[in-house]
Amino acid sequence: MFEQFFKVKDEVYAELETLRNNKTINKNTEAVVVLPASELTKLVPVTTLKTWLNVADVVLGEKLSTAKAVDDKACARCWLYFKDLNQDQLCARCANAIKQ
């Protein structure tokens, strides 16, 4: 599984570098990655792949590609991008961490 992940990571990071060089994104956390269905995506949840690849979102599609910068908003604490933030502009994970 990890061998598959590192192969995908290398391909994704090459795509992300191109996007950064073209000034489409400033950092990896602004990108949406489209991954084809594979053994890796069957074994590892998309939310985990998002974290491991350090990108705004991972969606399943036909082939590997990186989309334009995400339209979501950045959490004020962790600076990751999310569709839903609370009134303090925090993601659910950061809001939970602050409450504790």
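Predicted model: local features only at pLDDT ≥ 70, side-chain atom pairs only at ≥ 80, totals over all residues.
**Entry 1: the buried side of H1**

I looked up which residues of H1 are buried, and got Phe5, Val8, Val12, Leu16 and Leu19. They sit on the same side of H1, because they cover an arc of only 75° around its axis.

The face pointing away from the buried side carries exposed residues, namely Glu3, Lys7, Asp10 and Asn21.

**Entry 2: length check**

Does the span of H1 agree or disagree with its residue count? H1 runs over residues 2-21, which makes 20 residues.

**Entry 3: just after H1**

I then checked what follows the helix. Lys23 comes after H1, and its phi is positive, near 65°.

**Entry 4: H1 against H3**

How do H1 and H3 pack? H3 covers residues 46-53. I found an angle of about 60° between the two helices, with their axes 11 Å apart. H1 and H3 are therefore oblique to each other. I also looked up the handedness: H1 passes H3 in a right-handed crossing.

**Entry 5: aromatic rings**

Last, I went after the aromatics. How many aromatic pairs does the whole structure hold? The search came back with three. There is also one aromatic cluster to jot down, formed by Phe2, Phe5, Phe6 and Trp52. Phe5 was already in my notes as one of the buried residues of H1.

Terms used: Residues numbered from 1 in each chain as written. Heavy atoms only, no water. Helix = DSSP H or I, 4+ residues; strand = E, 2+ residues; numbered from the N terminus. Expected span 1.5 Å × (residues − 1). Buried < 20%, exposed > 50% of the residue type's maximum accessible area, 1.4 Å probe, protein only. Arc of directions from axis to C-beta. Phe/Tyr/Trp six-rings, centres within 6.5 Å; stacked < 30°, edge-to-face > 60°. Axes fitted to C-alpha atoms, helices over the stretch in contact; angles between N-to-C directions. Parallel < 35°, antiparallel > 145°, perpendicular 65-115°, else oblique. Left-handed = near helix turned anticlockwise from the far one by under 90°.
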